[in-house]
Amino acid sequence: MNESDDALPDADSDGLSFTVEEEKKGERLDRYLAAAIPEVSRTRLKALILEGQVTLDGAPVDDPGQKLRMGSVLTIRLPEAEPAEPLPENIPLVIVYEDEDLIVIDKPAGLVVHPASGHPTGTLVNALLAHCGASLSGVGGVKRPGIVHRLDKDTSGLLVVAKNDRAHQGLAAQFADHGRTGPLVRTYSALVWGVPDRKTGTIDAPLDRLSTHRDRMAVVRAGKGREAITHYEIEARFAGELGTPVAALVACQLETGRTHQIRVHMAHIGHPLIGDPVYGTGFKTKSGLLASPAKAAVEKFSRQALHARELGFAHPRSGKELYF
């Protein structure tokens, strides 16, 4: 916000509180807050709701369309505004390839790609600003300079970043096409619980955000959500102490690039990723079927077992096909 906090209603340490009056009952949560706090944009208010910064009668609510009841008490926390532009930070990068147009990074698990609420610093963008200086493409916006695609925080592997606008536009077009007509290749290694019935398969199931947990995705009915297609192939099977199959190494190729796509799709067919804290929690007990060394390794593994291992595309300037 440009205005000072003095322009806002009085707030205690827990945030701003409002009591819903009779004439406002039945109104949507986001519309109510937009009228109550005109100093904050509706886009920002919606983001705060989705981030869990709003409570209704003391309980967190993350649905902007939640209808209000008379007498309900709303509380919203307004975090301090983040800097308008991320700052360069000296964060080591594993550089696989670099030229005047682009840079390919082997991203470690735990590194957030671009600044967001909760992660304003310490991101790949901060590291790239230090490494590349002002040459990064601005097409991605202030907080996403050069970013053409992304990996989840706890997914490791290959990621390409554009260093100028021409490269950004050329790469973005290839990622939007998802390799249907061009040379784009994106292959992931995933360790999953159990072994799929077929050695190869295609999961064609649309995805959308859960209305109750906006940070999670789910498979939805045909005609709903966004198209999502994942191709997989079993590369190895792993048996437990009794010799029965317990897990598999699966290669996944994306035909679309949705949030959490591989994680949700593999869970959808009954084979969630080992270590997945969101979509695989019900399978933790399966580690008891493993031999002692493997069991110990799985129980210490603190993230989803997903790695972006192959990345191929046409160079946006020369047209040469690059493969990493």
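Is Asp101 buried or exposed? At 3% relative accessibility, Asp101 is buried. The legends below follow this residue and others through a predicted model.

**View 1. Arg317 and Asp101 form a salt bridge.** The two side chains meet at 2.8 Å, N to O. Arg317 sits in the loop between strand E14 (306-314) and strand E15 (321-323). Asp101 sits in the loop between strand E5 (95-98) and strand E6 (102-107). The partners are 216 residues apart, so this pair links distant parts of the chain. Arg317 is partly exposed, with a relative accessible area of 40%. Asp101, by contrast, is buried, at 3%.

**View 2. Glu227 and Arg180 join two loops.** Their side chains meet in a salt bridge of 3.6 Å, N to O. Glu227 belongs to the loop between strand E11 (217-219) and strand E12 (229-239). Arg180 belongs to the loop between helix H4 (165-177) and strand E8 (185-193). The pair therefore ties together parts 47 residues apart in sequence. How exposed are the two partners? Glu227 is partly exposed, at 43% relative accessibility. Arg180 is partly exposed too, at 41%.

**View 3. Arg263 and Asp276 meet in a buried salt bridge pair.** The N to O distance is 2.9 Å. Arg263 lies in helix H5 (residues 261-268). Asp276 lies in the loop between H5 and helix H6 (292-300). Arg263 is buried, with a relative accessible area of 4%. Asp276 is buried as well, at 2%.

**View 4. Arg263 and Asp276 belong to a network of salt bridges.** Which other residues take part? Arg150 and Asp152 are linked with them. A search of the whole structure finds 11 salt bridges.

**View 5. Helix H1 packs through its buried residues.** Helix H1 covers residues 29-36. Which of its residues are buried? They are Leu29, Asp30, Tyr32, Leu33 and Ala34. What do these buried residues pack against? One partner is a helix, H2 (42-50). The others are strands: E1 (16-19), E2 (54-56) and E4 (73-76). An α-helix has 3.6 residues a turn, so residues three or four places apart point the same way. Leu29 and Leu33 are both among the buried residues of H1.

Methods:
Residues numbered from 1 in each chain as written. Predicted model: local features only at pLDDT ≥ 70, side-chain atom pairs only at ≥ 80, totals over all residues. Heavy atoms only, no water. Buried < 20%, exposed > 50% of the residue type's maximum accessible area, 1.4 Å probe, protein only. Helix = DSSP H or I, 4+ residues; strand = E, 2+ residues; numbered from the N terminus. Contact = heavy atoms within 4.5 Å. Salt bridge = Lys/Arg side-chain N within 4 Å of Asp/Glu carboxyl O.
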